[in-house]
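Please examine the sequence and the structure shown below.

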Amino acid sequence: MLEAGAVSALIEALMTENVAEEAAGALALVVRQQDVLEVVAEDDAAVGSLVGLMRRGSAKGKENAVAALHEMCRSGGVVLTQRVARTPALGGLIQNILFTGTKRARRKAASLVRLCRKTEPMSVAAAIDGGWDSEYAMARNGWMRRSSGFVGTDVSVSVSVSVGMSVPVLL
């Protein structure tokens with residue numbers, strides 16, 4: 001795939017509106033290969049394009065984008081995970097996916113947050129400023145650890161946000 005230029009084509013396709021969502025899904029699969037991951041990680045546009053897709057994509061596109069970022073961080077090590085964690089607006093986008101995304105997208109987003117925390121622990125103030133506060137609140141309440149036990153069931157969760165109000169969320 002590398003020699004044929006397919007990986008470079010997938011990265012370029014992330015910037016093409018009508019195929020970006022499919023390209024993100026394909027990247028989520030192929031970055032499991034270390035040599036492919038290295039090529040994708042070297043391209044600064046790849047992470048930015050995936051984050052952009054999390055902002056503007058359909059539900060499936062957001063799911064594919066967060067899955068690709070998750071796999072990149074899972075396979076890419078500390079330096080890549082730190083680079084992803086520092087991406088502007090990522091916290092707010094993940095927060096949105098945690099509340100409104102598909103089941104798979106929510107699972108990948110929560111796992112991505114955990115990976116980012118392992119490599120770059122955030123202070124509470126930085127978490128609030130970066131948009132990660134609701135995920136912190138969910139983790140503090142044990143929701144993230146219990147969520148896997150509620151497969152196929154609607155769960156009502158009350159999440160405290162930084163302005164001091166509780167918002168019921170149906171997941």
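Thr87 counts as buried, because its relative accessibility is 15% and the cut-off for buried is under 20%. The model in which this residue is seen is a predicted one.

**Surroundings of Thr87**

- Thr87 lies in the loop that joins H5 and H6.
- Leaving aside residues up to four places away in sequence, Thr87 touches Val47 and Val51.

**Packing of H2 against H5**

- The axes of H2 and H5 come within 8 Å and cross at roughly 30 degrees.
- H2 is therefore roughly parallel to H5, since angles under 35 degrees count as roughly parallel.
- The crossing of these two helices, H2 and H5, is left-handed.
- On the H2 side, the contact is made by Glu21, Ala24, Gly25 and Ala28.
- On the H5 side, Gly61, Asn64, Ala65, Ala67, Ala68 and Glu71 take part.
- Sorted by class, the contact of H2 with H5 comprises 5 nonpolar, 3 polar and 2 charged residues.

**The largest nonpolar core**

- In soluble globular proteins, nonpolar side chains tend to be buried together.
- The largest nonpolar core here has 44 residues, and the members that touch the most others are Val40, Leu50, Met54, Leu69, Met72 and Ile94.
- At least two residues of this core come from each of the helices H1 (6–13), H2 (20–30), H3 (34–42), H4 (44–56), H5 (59–85), H6 (90–100) and H7 (103–119).
- H5 supplies the largest share of the core, with 10 residues.

Notes: Residues numbered from 1 in each chain as written. Predicted model: local features only at pLDDT ≥ 70, side-chain atom pairs only at ≥ 80, totals over all residues. Heavy atoms only, no water. Core = buried A, V, L, I, M, F, W, Y, C linked by side-chain atoms within 4.5 Å. Buried < 20%, exposed > 50% of the residue type's maximum accessible area, 1.4 Å probe, protein only. Helix = DSSP H or I, 4+ residues; strand = E, 2+ residues; numbered from the N terminus. Contact = heavy atoms within 4.5 Å. Axes fitted to C-alpha atoms, helices over the stretch in contact; angles between N-to-C directions. Parallel < 35°, antiparallel > 145°, perpendicular 65-115°, else oblique. Left-handed = near helix turned anticlockwise from the far one by under 90°. Nonpolar A, V, L, I, M, F, W, Y, C, P; charged D, E, K, R; others polar.
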